[in-house]
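Open the model in your viewer and keep the selection panel at hand. The stops below say what to select and what is there.

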Amino acid sequence: SFSLELRKASKRVSCSKRYKIQKKVREHNKKLKKEAKKKGLKKPVKKDPGVPNSAPFKEDVLREAEQRRLQIEEEKERKRQAKKEERAQKRKNEKEAAVKEAEPSAKKARKDTTENNTVKRSAPNKNSKQHLCSELNKVIDASDVVIEVLDARDPLGCRCPQLEEAVLLGGKRKLLFVLTKIDLVPKENAEKWIECLQREFPVVAFKASTQMRDKTVVRQSKRSHFTALVESKGATCFGSECLTELLTAYAAKTQSEASLKVGVVGFPNVGKSSLINNLKGMMACHVGIAKGTTKTVQEVHMSKTVNLMDSPGIVASPSNPAASMALRSLQVEEGQETVLDAVNTLLKQCDKSQVMLQYTVPDFRNSLEFLTLLAKKRGFLQKGGVPNTVQAANTFLTDWTGAKLRYHCKVPGNYSLPNYVTEEVITEMQNGWDLDKVKAGNMKTLKGINVTAEFTNLDACEQFIVT
């Protein structure tokens with residue numbers, strides 16, 4: 001007979017199955033803990049049962065336990081204080097050793113640190129009014145000829161009587177007016193302003209090129225199939241030839257070994273740096289739409305006999321009218337006035353219908369509504385489709401101070417000369433210049449521009465006229 005023995009089933013499993021079981025158990029325990037935490041269930045803390053009341057000598061046992069606890073705490077505190085004193089002594093020894101080893105270098109370091117702090121304290125802030133005024137005074141003092149750049153759209157608003165008096169005070173410097181952006185005003189208006197200003201000082205009409213490039217950059221490709229760019233009206237400069245010949249001829253008359261230094265001054269955004277770049281024939285000075293781009297004096301070599309000096313913009317006095325401050329001052333850039341307030345001031349000086357035609361917006365009740373309409377028109381939207389009125393306001397101000405918006409001021413009928421401009425001053429300032437050549441150059445410049453755009457008057461209390 002055969003006997004069959006039944007073996008017990010093996011409990012051995014594969015590693016993957018064992019790991020899977022362990023993982024399931026961990027997840028299950030984690031789930032139970034999370035549910036218990038939500039229900040506020042906590043494990044009971046095991047409390048020390050202490051000495052039972054039925055134990056003999058209970059009070060003696062408790063007293064001994066308290067004494068042991070106090071002794072342990074005192075010992076810990078004593079060790080803590082000992083370590084603290086040891087670390088303090090170690091730091092003290094290291095410091096004394098370092099002082100003895102490097103005492104001369106430490107003195108030198110302290111001296112250098114003191115000098116650096118002094119330099120930092122004495123370093124001027126390039127954005128401050130004091131720095132800008134001092135840089136402007138440097139240009140006036142070092143110049144033989146001072147060119148005051150005037151925006152043809154508002155020549156009287158761009159004049160600074162205090163600066164002109166400072167130039168005339170020395171008696172040796174010549175003052176010359178350059179009327180820029182004449183392509184943004186009617187030809188008749190430009191001729192009237194030139195005739196009016198020539199009663200005081202020589203005036204040169206000028207239109208800068210808006211496509212000035214850096215000629216120091218070498219073009220990488222000079223293939224024949226690239227056709228030459230047709231010069232547009234914006235790329236052409238008018239008046240530079242006349243002004244260059246005028247300065248060169250005057251430098252020859254002075255018969256001085258040193259070069260003739262010509263300082264270029266004026267309010268922000270009237271085109272001082274652009275004037276220098278066009279006379280130089282290359283990008284020598286940094287230009288920008290924002291006001292106050294130039295912060296320091298920059299001397300540019302124009303020819304063997306003439307050197308040009310770029311200067312920061314004139315700091316406008318707060319006593320000027322609000323519209324002039326919005327256009328000429330740096331209050332917005334310095335944070336003294338918001339861009340919305342500046343736009344509100346300018347809109348008060350303009351005819352609403354002309355502004356609506358210029359920007360193709362419907363009727364508006366106030367400046368905020370106008371900026372909202374302009375932002376929607378130009379696509380200046382923030383998150384959620386909210387109109388960005390600040391960006392619209394910056395665009396509006398840029399149009400006024402830049403070379404995009406055409407507006408002009410009428411020549412006053414009862415214009416009288418300033419008190420500091422006497423007959424002797426006029427004779428002295430016009431002496432040495434070839435006025436016939438200046439007149440011929442201005443006629444050539446105005447003829448070359450040939451402004452054909454239609455100009456519609458926009459009357460306002462400040463005589464601003466937008467076209």
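Buried means under 20% relative accessible area, exposed means over 50%, and partly exposed lies in between, using a 1.4 Å probe and protein chains only. The model is predicted, so local features need pLDDT of at least 70 and side-chain atom pairs count only at pLDDT 80 or more, while totals for chains, interfaces and linings use all residues. Residues are numbered from 1 along each chain as its sequence is written, and side-chain values use heavy atoms, with hydrogens and water left out.

**Stop 1: D151 and its partners**

Select D151 and R153. They form a salt bridge, with 3.0 Å between the closest N and O atoms; the term requires a side-chain nitrogen of Lys or Arg within 4 Å of a carboxyl oxygen of Asp or Glu. R153 counts as buried because its relative accessibility is 0%, and D151 is buried at 1%.

Helices (H or I, at least four residues) and strands (E, at least two) are DSSP runs numbered from the N terminus. Both D151 and K181 are buried.

**Stop 2: the cores**

Select I147, L179, L243, L247 and L275. These have the most contacts inside the largest nonpolar core, which has 63 residues. Such a core is a set of buried Ala, Val, Leu, Ile, Met, Phe, Trp, Tyr and Cys residues joined through side-chain atoms within 4.5 Å. Helix α8 (residues 240-254) supplies the largest share of this core, six residues.

What does I147 touch, leaving aside neighbours within four places in sequence? Its contacts (heavy atoms within 4.5 Å) include L176, V178, V262 and V265.

A second, separate core has 23 residues, among them V343, Y359, W400 and L405.

**Stop 3: helix α15**

Select residues 389-401. Helix α15 has 13 residues and spans 18 Å from its first C-alpha to its last, close to the 18 Å expected at 1.5 Å a residue; the expected span is 1.5 Å times one less than the number of residues. Its buried residues include F396, L397, D399 and W400.

**Stop 4: E369 and R365**

Select E369 and R365, whose side chains meet in a salt bridge at 2.9 Å, N to O. Is each of the two buried, partly exposed or exposed? E369 is partly exposed because its relative accessible area is 23%, whereas R365 is exposed at 75%.
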